[in-house]
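Hi,

Here's the structure I promised to pass on. Have a look at it first, and my notes on what turned up are just below.

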Amino acid sequence: MRSVGPKPINARRLSEQLRRKLRPQLYETSFLGMGIMAGPDLQAFLHATTSPRSFMHAAWRVAFHVFDLVLNRRGMQLVNGPALVARLMKSADDRGVALWVDSPVTRLLIGDGPDNATAVTGAVVSTPEGEVRVRARRGVLLAAGGFPHDVDRRRELFPRTPTGREHWTLAPEGTTGDGVRLGESVGGRFDTNLASPAAWCPVSLVPYRNGRVGTYPHIVDRGKPGLVAVLSNGKRFVNEADGYHQYTTAMIDTVPEGEEVASWLVCDHAFQRRYPFGMPKPFPVPVRPYVRSGYLKRGATIEELARACGIDPVGLRQTIEEFNSHARVGEDPAFGRGRTAFNRGSGDPEHRPNPSLAPIESGPFYAIKVLPGSFGTFAGLRTDPQSRVLNGSGEPIRGRYAAGSDQANVMGGHYPAGGINIGPAMTFGYIAGRHVAGATEYENVVPVARGDGM
């Protein structure tokens, strides 16, 4: 499986009206609101203090970003997800598609479809200008982002979430399960028989001076050399350089019942000054504001750090000593970190002998508390290969389609690679559009086995 990244785009190619509809880059995954693209762009920023070429690249990117902030009061260099959405918005706008924002659907319209059969024939939309009834001759597609902010469904489906609030998602606040409920309102089947109900991601909570609390996804830092993850007993529980979904699953499965599902990422001063470690950025960006806010814990010794975090000091000291003895020669007999191409790719290619392993030995030492979070949900409306929503009998509901996180995940709730939410969303959105338009090339497609629940 291969992940495909979108080509960057300058937001000046979009009209001002479109730019106002475009959600800004998630602040926690940016630098001063500027997105950094995975791959060479990110590597240049990571090596800006050690490579003149990387420094020039980073300086050029930051300078243009500051220019955009002064002139346009927003970043205009769009990468990653914002670049993908911007290009799709522009394509739709060029073809005369009306894009309504702040306009939730309140209910679906039912009527007679082809052959006088009951079908979904439209929707009632609550726009800023008032309620609008939209008639759809061929169908309605649900793609409202799943239910990551639906506390009741989280309590029902997410493990170790007894109130539904012991979970932090990176999804937009509007993803409260409206699309799924609309599908159920016309007889759609909500499929929960999946390997996982959500796309897990380890996150940390970032307090800001204005009272807001941000959610930071730990994607980049865990695979770098010179970091470990431990539980409250001070013991490691996972290969830190494996995927974020696997990290969170291991945390959920390993923390003893009755304890808060949490872990700690621990590193030393050399690591923090060289690599991103949660929200704090490497040298020369100051780290003190994050220590002062309590987001970043610091200790002159391993034992002092452990006490600041509520970690068993003896357990953490033993873990660090054992880890260091093997990391110095590039080995991790406990979890095999750095043995796979994925682990090595997540590390530092300039570090030897193992791009993913280095000892933790130069104080002061730092730690960040990590909690279970998600990028989105996997459980959703069961569909056929044409993206038509199925009823309890397994029959397609006329005029009712679903894609994205409103659709039950095509991978059966497994997480084989990054983009497993947006990739199927684009694919099955395209299939639904072709089917609605009358194309027939997907009529005889046989669905691929999805693992659990298929």
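Before the volumes, one term: a cavity here is a set of grid points where a 1.4 Å probe fits but cannot get out, and its volume is the space filled by probe spheres set on those points. Keep in mind that this is a predicted model.

With that cut-off for the probe, the structure holds two cavities of 30 Å³ or more. The largest cavity comes in at about 60 Å³. Its lining is made up of Thr377, Phe378, Gly404, Ser405, Gln407, Ala408, Asn409, Val410, Ile420, Asn421 and Pro424. Sorted by class, that's five nonpolar and six polar residues, with no charged ones.

The second largest cavity has a volume of about 40 Å³. Around this second cavity you'll find Phe158, Pro159, Arg160, Thr161, Glu166, His167, Trp200, Ile252 and Pro372.

Asp150 sits in the loop between strand 8 (140-142) and helix 5 (151-157). Is Asp150 buried or exposed? Buried, because its relative accessibility is 10% and the cut-off for buried is under 20%.

As for its surroundings, Asp150 touches Thr175, Thr176 and Arg181, leaving aside residues up to four places away in sequence. A polar atom of the Asp150 side chain also lies 3.2 Å from the backbone nitrogen of Asp152. Trp60, on the other hand, is 90 residues from Asp150 in sequence and 42 Å away in space, C-alpha to C-alpha.

Cheers

Definitions and conventions. Residues numbered from 1 in each chain as written. Predicted model: local features only at pLDDT ≥ 70, side-chain atom pairs only at ≥ 80, totals over all residues. Heavy atoms only, no water. 1 Å grid on protein atoms, 1.4 Å probe; cavity = no way out; pocket = protein on both sides within 12 Å on 5 of 7 lines; lining within 4 Å. Nonpolar A, V, L, I, M, F, W, Y, C, P; charged D, E, K, R; others polar. Helix = DSSP H or I, 4+ residues; strand = E, 2+ residues; numbered from the N terminus. Buried < 20%, exposed > 50% of the residue type's maximum accessible area, 1.4 Å probe, protein only. Contact = heavy atoms within 4.5 Å. Polar contact = N/O pair within 3.5 Å; in protein donor to acceptor, adjacent residues only side chain to side chain.
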